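The following explanation is meant to be read alongside the sequence and the coordinates. Please keep both in view while following the text.

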Amino acid sequence: MTSRILSGKIIADAIKAEAAYEIKLLESGHGFRPCLAVVRIGEDPASAVYVGSKVKASEELGIISEHYHLGSETSHSELLALVQSLNQRDEVDGILVQLPLPPQINASEILETIDPAKDVDGFHPFNVGRLTQGEKALVPCTPAGIIEMLKRSNIQIAGQHAVIVGRSNIVGKPMAMLLLQENATVTICHSRTKDLGAITRQADILVAAIGRAGFVRGEHIREGATVIDVGINNVSDPQLAGEFFNGEDLEKRLATIEKRGFTLVGDVNPTEAMAKAANFTPVPGGVGLLTVAMLMKNTVDAAKRRRRIN
Ligand code: NDP
């Protein structure tokens, strides 16, 4: 079987175009543009890349973007004070504090301080609770993007068995809630799951959010399944890259390692997945692009809901 490759770019572009249209309507009809404040602490290189792409996407779409970059020595109370001041500013519609945070900062307390109405990452317990209850909420961007990808690719969710590997608050758990809301039968697996393959092989939809390059192998995948690869891992060892890619793909990956020092690999072995899955998301170019697009959508939704605009 040769998989259909689900392009994150095409779907992300569509979601961003819809958000840009709504922003134009808000500006012409209501006289404002949504405003997103992004806070980054320290010099984590991955955070710098993620924040950069969020700020760039905001600017492209017409969202007013405020970028706060604080030093790695920033104290818990300093960050708390910044979040509180952003909560109070009525023109700020969305607040995003980029994770991970340095050890002197209590991340849960910071996330719980963000006004739930401005919580565009969907990590506040208020939004998590509403999602669990099946009520309208700001929903974490990565799993929300995966639902968009499945729907816009006409992949049946209702009645299907969805298996998620990973139970983080950012991906695995909200993914389970959203798939349940779409009437899938949901199983969550994690590092203590016994006989993982026996469970993942039952999946019509398999979501891998583990954080280990190429962990999900062909033997984990049912013939004809849809495989969603959330993982983003840096692989710098050419020999390891050779375990995941072959032919022209491998040549390109080796050239990337030569040029940048690493190549991005998901949590699924792509060559083995493409031999079995009916649908497969590439890394890069799959789920990652949707995360940013859904952040734009969440910012527009937050702006409309806060200001009671339908
Ligand atoms: P976490 O480290 O928070 O969670 C990883 C999960 O994988 C845990 O639940 C862990 O289980 C489980 N796990 C680890 N090892 C195994 C194993 N051997 N068998 C079964 N389960 C295992 O990661 P995140 O959810 O934050 O991220 C997962 C991946 O997705 C990462 O590569 C990350 O970079 C990527 N990511 C990508 C995004 C995107 O936009 N595309 C956004 C967010 C994340 P346990 O709970 O038992 O420890």
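The paragraphs below treat the strands, an aromatic pair and the ligand in turn.

The model is a predicted one, in which local features need pLDDT of at least 70 and side-chain atom pairs count only at pLDDT 80 or more, while totals for chains, interfaces and linings use all residues. Residues are numbered from 1 along each chain as its sequence is written, and side-chain values use heavy atoms, with hydrogens and water left out.

An open sheet of six strands runs in the order β1-β11-β8-β7-β5-β6, with parallel pairing. Strands β1 (4–5) and β6 (185–189) stand at the edges with a single partner strand each, so one side of each has no neighbour in the sheet. Strands here are DSSP runs of E with at least two residues, and helices are runs of H or I with at least four, both numbered from the N terminus; two strands pair if DSSP finds at least two bridges between them. Strand β5 (residues 161–165) is joined to β6 in the parallel sense over five bridges, and Val163 stands opposite Thr187 of β6.

Strand β2 (residues 35–41) pairs with β4 in the parallel sense over four bridges; Ala37 has Ile95 of β4 as its bridge partner. Strand β4 (residues 94–97) is covered on both faces: Gly94 and Leu96 on one side, and Ile95 and Val97 on the other, are all buried. Buried means under 20% relative accessible area, exposed over 50%, and partly exposed in between, with a 1.4 Å probe and protein chains only.

One aromatic pair is counted. Phe244 and Phe245 form this pair, which is edge-to-face, at 6.4 Å centre to centre and 90 degrees between the planes. For such pairs, rings of Phe, Tyr and Trp (its six-membered ring) must have centres within 6.5 Å; planes under 30 degrees apart count as stacked, over 60 as edge-to-face and the rest as tilted. Phe244 is buried at 4% relative accessible area, and Phe245 is buried at 6%.

Of the 21 residues around the ligand, Arg167, Ser168, Ser191, Ile232 and Thr291 come nearest; a residue is near if one of its heavy atoms lies within 4 Å. Helix α12 (residues 287–306) gives the most to this shell, with three residues. A polar side-chain atom of Arg212 lies 3.3 Å from a ligand nitrogen atom, and a polar backbone atom of Ile232 is 3.1 Å from a ligand oxygen atom.

How values were computed
Polar contact = N/O pair within 3.5 Å; in protein donor to acceptor, adjacent residues only side chain to side chain.
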